[in-house]
Amino acid sequence: MPKRGDVRTAMVVGSGPIVIGQAAEFDYSGTQACRSLREEGVRVVLVNSNPATIQTDPETADAVYVEPLTIEFLEKVIAKERPQGILSGMGGQTALNLCSELADAGILQRHGVELLGTKLEAITAGENRERFASLMRSIGEPIPRSRAASDFESARGFVEEIGFPAIVRAAYTLGGAGSGVAHSPEDLERIVGFGLAYSRIKQVLVEESVLGWKEFEYEVMRDASDNCITICNMENLDPMGIHTGESIVVAPAQTLSDTDHQTLRSAALRIIRALGVEGGCNIQFAVHPRTGEYRVIEVNPRVSRSSALASKATGYPIARIAAKIAIGLRLDEIPNPVTGKTLASFEPALDYVVTKIPRWPFDKFPTVDRRIGTSMKSTGEVMAIGRTFEESFLKAVRSLEIDRLGLDSVPATDDEIVRELKEPTSERIFSIAEALRRGFAPEKIAALTDWDPFFIEKIRHLVRLESRLRGSRRTRALLAEAKRSGFADESLAALTRSSEEGIRRSRPRAAYKMVDTCGGEFEARTPYFYSTYEATGETPRLRGRKVLIVGSGPVRIGQGVEFDYCCVQGIFALREEGVAAIIANNNPETVSTDFDISTRLYFEPLLLEDVLNIIEEEKPDGVILQFGGQTSINLALPLAHALRRRRSRTRILGTPPASIDLAEDRRKFAALMRRLGIRQADAASGYSFDEVRGLAARIGYPVLVRPSYVLGGRGMEIVYTEEDLAGFMETAVRVSKDHPVLVDRYLAHATEIDVDVVADGRDIFIGGIQEHIEEAGIHSGDAACVLPAQTLSEAVLEDIRTVTRRLCKALHIAGLMNLQLAVQGDVVYVLEANPRASRTVPYVSKAIGISLAKVATKVMLGHSLRSLGLVGEAKIKHVAVKAPVFPFQRLPGVDTILGPEMKSTGEVMGIDRSLGRAYYKAMLAAGNPLPTQGAIYVTVRDEDKPTILPVVERLARIGLRIFATRGTAQFLRENGVDVTTVYRISENESPDALGLMRRGEIRLVINTPTNSTGARRDGYMMRRLAVDLNIPFIATVQAAGAAVQAIEESSAGDLAVVPLQEYRRTAPKKAAKL
Amino acid sequence: MEGSLVLEDGTAIRGAFFGARRKVFGELVFNTNMTGYTEALTDPSYHGQILMMTYPLIGNYGVDPESMESETIQPTGFVVKEACAVPSHPKSALSLADFLKAHETPAMEGADTRALTIKIRSKGTMKAALVPATEHLETVAREVRTAPHPETRNLVAEVSCREVERYPGVGKRTIVVVDCGVKRNIIREAQRYADVIRVPFNATSDDILGLKPDGVILSNGPGDPAHPEILATSVKATKELAGRTPILGICLGHQLLALAFGGTTFKLKFGHRGGNQPVKDLRTGRVHITSQNHGFAVDADSLPSSEFEVTHLNLNDGTVEGMAHRELPIFSVQYHPEARPGPWDNEYIFRDFVAELKGA
């Protein structure tokens, strides 16, 4: 079929904020889809609430809407843009669900919009368990025995037939939320309860257990003419029972014979045909480890995290091709962009091994249950490529950035090791290696873990090599062998008691091989490389100026897709300047690791060793370290040192590494601030009570103390006396080597400010002065903020500009810097200076219509801000609110209180002409819709009561019913507000807040935390329940003020949708330049 | 034990020997299948060649004798990046090394197979030797250069059966398979529809027609289809069979058919060996992923267009992948519809052939 001429405008729906189960992969797929469609002359309209994405760049699509992902807002965009078709498969489960809802609600039909690519029936068959089961039965494909249940009764009945253990899955959820394995009737009650609550259609599936079977995935594509191909198969090292997102995965499958593989491949093709998918599809199989029989487990009729991995693992751009299929192209009409010669209708052949390892957030949530299972807890993943399994595996381990270079020893008893092998956590691979070191039989380990013995044997090879390295003389041959097996130089140095530099000198050089989709059979032009230790490399010389950008590695809490956004902007800027852009990164989900973004891509770990290897290979003119978050900035000093020692002509571009050190070293920075006469809120950190007591005395009471980890619902606290401090340290804080207590001077009623600025050594360009809508002390990544600042006086703003200018000068900033400030009264205090891109850069860039990372890159290449026409500060007429999104629903039991440790996984942006409208959109987009009717619940501490009064009055005027605890209610009533008193939870009387929340009466909670014990427990339970029930929870008076404005404005009139391009057109002239 | 792979251009790559320890010669070819080494090693079409796998980890699932496509290992030598010493699979009977030893085939691991593949891709397939470390490399290189190319031999004669063999199948019909180096699965596929009689490559048309076949399959096999001894035997017989029985040509059989009708064949630079080759069926417009193993191809322009139409094309390089006689029930494919190794997408070729059988 020829390309459909009737689709002139297509809408692509994004996946919204980064959450557990939906990370950067959908920015990658959505961006590919947009580019792919525009190549075919289709006008593309993109909708996504997440500003930290490349797809929301005004350059990616013809009209970019950063609007909440709800069907109401999507309909507004449809009405305005009149697309002929909509792509549902590029924005993960979020987009798929939205598109089903749009269809169900008749909106698509009303506006004459067709679902492009995979049709509704296929989506439903893939998602609805019953439909799926009957479809599989009709084509003779085996599935586990199962039954859908909408209540406890039928779930129980079925388990009586199939016996325990039984799997329970919730229908229509992200990444397995609300699923689990029931080993007992008690388990069953609990998991079914969760599942029914999480499922969009209030349905769970109870299923025969295939626990311990091997798990394989097939990525399959089909076009409208029924041509089908498999792109890749993947083998999960972890067995069935562990979500594929939580599993270590290798590609291609290693333990399938050709007959096994073709059996599954043929099944996969039958399934995609039966589903009628037009585009990409992921199919999961369970294979019995002894009999070889298989079951079809799951089908995802869309691009997914697995398809992103498969694309990166093979070089085959699945989303890009799926988008073309969606507009009617056949696989044999689409050229293979990798070879340029062959067509998209072929199956990639790999000549390397790919390993993916998930990155878990347990370092940020020490109290959470670390066991891994059927629901996803990981926030991101790394991928590594090698010519042996060992090489790819160890490269992946060191890409994780979890302070482990390899399979380090585990200090645990044998019993603990056995438990870990049986009930895996994120630590399993280290325990397997440790068990082998202690002489556990490989068969026993295989039996405990349900890993295929093949992989245990590979780990054993590594452990044996490790002991040979420890025991014998260091020979060049042995080092070469170790490098071929993936050992890091630093590990080798430790094992052989020598220096990393010494190892580097005596080992062979890395060679770089190409990822070409075809096993070397055809000449390819992909600029996509990985290192290995073989004799022959194949990187052609790049001519002209070239710059290496070091990426940000796996998505984790505190370092998300924002940094990948900055890296990609850097790449774009380099290419605009005619400079070859080389990127090094190891995150398979991202846009930066899409091979046609940069001039050259190195898929590599990002340790000093790996970056130096690339520099030796490419000899770039410069290296940019300020875009990749801590991953790259931490390399600044050691890399500067290494380059100096080598007399390398490669320069670290931008801010000098010494300044980075100056800004990061608390003491040096404090001295600088004193010298500059800039006020700084005194701050320090200590590891013991004595140390902290000394620090507090020096800073002067009251101080804000906060553990770097929050335990038992208690975060930061304002401490007025040494006695209070002792109490705090005893009850709430685990002080240890790893978890210091931070002590800050307390700035009461301060407003926190973030500034993102670009400097060139002479001038500065302030992208935005952002005002937090949360109290000071909350990690800036977790704070909602607004641009432009709303409550600051011109004098204060001028002070902020002055401080910014002076800091840029003192730190010799060339490129980006982020400043965190606190404003108390009219005094500006510096909290932190980060001489690098911050996580607010994409949000600010989208809000002002100027890519700050691009500007910074051009400055680093030697352009002056003056020549770019960007001196001063960006001015906008509209308002942009950033709201964080948290992973709490995925991490049962975790307290949701915010503090100095960042906990959010992603963010959304609301943009409109006023604060209220923008805030309303941001809250809605973050999944916390503000109510315009119903009831709210208020409980605030005494000092907040006067300020909360006008807020509550306004809410009451709109027509919201007010509930409050006794103290708050009394105060409100005395001031003429009609209010109903509810009991504290601890009072154990009805009505209490939790009951009202559960019954769906309360639609908004305003709770400023107090320190009395009962209130604290109430606070914890309320926050937790609010999270579980998606009820917006406001913890500051400032946020309450913004909320009331939002509710007023949204109930006053319709909220319009406006594309970013339009905001940019209407922005002041000087902002329009870049 | 150390050893080397020595190419005719003088390249010598060191590696570790496993399998048998002896010197062998052959044409070095690469295969891009990621699985299916047992099937490939026992495919008679590799006779006279040294087979190199581009996928680096080979032997992971051991060897299941059920997967053998002939009685023995066919290539003279085997080259891999890494051979798995401790395989894991419920059906594995022995390790790759033991399998190679049992069939006296030398093999080498540790080679930079990707670099070698790129060399072959750019320079074409080469004569090569696999030698234990005790050999003097320069002498070996000279030997490789001066040795006659294996294709100058009648390789088909070396792998074909000597006697007629019968394989009872389903149904009342009979298919004769001319064994030019046939893979077992061609016979197995045919057995699903008919009794199968396997005859040697040099069976005459009278021999074949004497068996009263409902159809004839010309099998795959090694070497140059235009070898004089093949032209005098198999090609001659094919010519005589045309019009008297339905014929399906597979791989070498496809080339024989072209030659029989006056077409010509030519040698590809480095051949097609793998399981991911896209082939377009020009009659349906459908694209199928195919399993392939061939070094020669049919020249499309040489085909008598009044008699034959090209039915299948390779989407990578546009070479002929299938043809059909315009009137007679005669057609052929260059790829392997029987798979093993490789995708099972093309069983339809056998079904199409069965539909043409005389008794159908």
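Two residues are taken to be in contact if their C-beta atoms, placed from the backbone, lie within 7 Å. On that basis, in this predicted model, 72% of the chain A contacts between residues at least 6 apart in sequence join residues at least 24 apart. Chain A has 1074 residues, 61% of which count as buried. Its secondary structure runs to 38 helices and 40 strands. Laid along its principal axes, the C-alpha trace of chain A covers about 80 × 70 × 65 Å. As for overall packing, the radius of gyration of chain A is 28 Å, which agrees with the value near 31 Å that a compact globule of 1074 residues would have.

Chain B can be described in the same terms. There are 10 helices and 19 strands in chain B. The radius of gyration of chain B comes out at 20 Å, close to the 21 Å from the globule rule for 360 residues, so chain B is as compact as a globular protein of that length. The C-alpha trace of chain B spans about 60 × 45 × 40 Å along its principal axes. Buried residues make up 62% of the 360 in chain B. Of the chain B contacts with a separation of 6 or more, 74% are between residues 24 or more positions apart.

Next comes the place where the chains meet. Chain A puts 45 residues into the contact, and chain B puts in 40. On the side of chain B that touches chain A, the elements giving two or more residues are the helix α3 (113-123) and the strands β15 (265-281) and β16 (287-298). Of these, α3(B) supplies the largest share, with five residues. Sorted by class, this side of chain B holds 17 nonpolar, 13 polar and 10 charged residues.

Most residues other than glycine have a negative phi, and most peptide bonds are trans. Against that background, the loop between β19 (330-333) and α10 (348-356) of chain B, where Pro341(B) is found, is worth a stop. The peptide bond from Arg340(B) to Pro341(B) is cis, with omega near 5°. Ala339(B) lies in that loop between β19 and α10 too, and although Ala339(B) is not a glycine, its phi is positive, at about 55°. Is Ala339(B) buried or exposed? A residue needs 20 or more other C-beta atoms within 10 Å to be called buried; Ala339(B) has 24 such neighbours and therefore counts as buried.

The cis peptide bond joins Leu787(A) and Pro788(A), with an omega of about -5°. Pro788(A) sits in the loop between β30 (785-787) and α28 (794-810) of chain A. The positive phi, near 60°, belongs to Asn1030(A), again a residue other than glycine. Asn1030(A) is found in the loop that runs between α36 (1013-1028) and β40 (1033-1034) of chain A. Here the cut-off for exposed is 12 or fewer other C-beta atoms within 10 Å; Asn1030(A) has 11, so it is exposed.

Conventions: Residues numbered from 1 in each chain as written. Chains lettered and ligands numbered in written order. Predicted model: local features only at pLDDT ≥ 70, side-chain atom pairs only at ≥ 80, totals over all residues. Helix = DSSP H or I, 4+ residues; strand = E, 2+ residues; numbered from the N terminus. Rg over C-alpha atoms; globule rule 2.2 N^0.38 Å. Nonpolar A, V, L, I, M, F, W, Y, C, P; charged D, E, K, R; others polar.
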